[in-house]
Amino acid sequence: MSEASAAAPEAGVAAAPGRAYRVESMVFVGLLIALAVSVLLTAGAIPEPASTAGLGPRVIPYAVGGLMLAASVAVFVGQLRGRFGEPDGGEDIDLESSTSWVTTAIVVLAFVSLIVTIPALGWPLAVTILFAGAAIPLGAKRWWVAVLVGLALGVATWFAFGQLLGLSLPATGYLTSWVGI
């Protein structure tokens with residue numbers, strides 16, 4: 001074996017992550033642990049009606065917080081043992097390109113538009129605007145397909161959550177009250 005080949009790392013072994021990467025990873029997992037603990041603590045403040053027979057409104061927050069805490073602690077212990085994920089090598093993204101702030105602003109505006117469009121147009125049309133407003137700047141091939149998929153998602157979520165579960169999702173707004181749903 002030559003000295004050059006002995007000094008080169010093996011092909012299947014990845015280089016150990018740098019100190020900055022390890023610190024960033026551990027800080028992120030620490031934030032997830034703090035978030036999980038805060039979810040568990042604030043879930044206890046959710047008021048439960050006295051007539052709750054069976055599962056109450058605290059069950060899902062406790063389950064999500066508990067699972068998040070268990071997963072975060074498991075990842076943190078793995079990191080303490082030296083197991084870190086590999087940083088993204090740019091396989092499917094271009095690391096040389098910069099952030100498109102125009103696209104980012106359009107997507108943020110699509111989300112913010114829900115504040116105005118839900119009361120004015122109702123849930124299904126608001127979700128249509130949100131989905132199309134995010135899908136088109138992010139590269140949807142055909143704009144009309146994005147609009148149709150958004151409308152289908154809006155109607156499906158309105159039916160599932162508004163009708164079947166009884167949540168308050170308006171079918172129409174003050175501009176579309178003439179529809180008569």
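Beyond its neighbours within four places in sequence, Ile-136 is in contact (heavy atoms within 4.5 Å) with Trp-143 and Ala-146. Ile-136 sits in the loop between α6 and α7. Helices (H or I, at least four residues) and strands (E, at least two) are DSSP runs, numbered from the N terminus. Ile-136 counts as partly exposed because its relative accessibility is 38%. Buried here means under 20% relative accessible area, exposed over 50%, and partly exposed in between (1.4 Å probe, protein chains only). Val-147 lies 11 residues from Ile-136 along the chain, and their C-alpha atoms are 9.0 Å apart.

The model is predicted: local features need pLDDT of at least 70, side-chain atom pairs count only at pLDDT 80 or more, and totals for chains, interfaces and linings use all residues. Residues are numbered from 1 along each chain as its sequence is written, and side-chain values use heavy atoms, with hydrogens and water left out.

The chain holds 7 helices and 0 strands. Its pattern along the sequence is α-α-α-α-α-α-α. Of the 181 residues, 20% are buried. Contacts between residues at least 6 apart in sequence were also examined; 58% of them join residues at least 24 apart. The chain exposes about 13,000 Å², and carbon and sulfur atoms supply 70% of that area. Accessible areas come from the Shrake-Rupley method with a 1.4 Å probe; for residues, only the protein chains shown count as cover.

Helix α4 spans residues 101-112, 12 residues in total. From first C-alpha to last it reaches 16 Å, close to the 16 Å expected at 1.5 Å a residue. That expected span is 1.5 Å times one less than the number of residues. Thr-103, Val-107 and Ala-110 of α4 are buried. Seen down the axis, the buried residues of α4 fall within an arc of 55 degrees, so they line one face of the helix. The arc is taken from the directions from the helix axis to the C-beta atoms. Cover for these buried residues includes α5 (114-121) and α6 (123-135). On the other side of α4, Trp-101, Val-102 and Leu-109 are exposed.

A nonpolar surface patch is formed by Phe-159, Phe-161, Leu-164, Leu-165 and Leu-167. Together they have about 530 Å² of accessible area. Patch residues have over 30% relative accessible area and no salt bridge; like charges are joined within 9 Å, nonpolar side chains (Val, Leu, Ile, Met, Phe, Trp, Tyr) within 5 Å. A salt bridge is a side-chain nitrogen of Lys or Arg within 4 Å of a carboxyl oxygen of Asp or Glu. Leu-165 is in the segment after α7 (143-164). Leu-165 counts as exposed because its relative accessibility is 59%.
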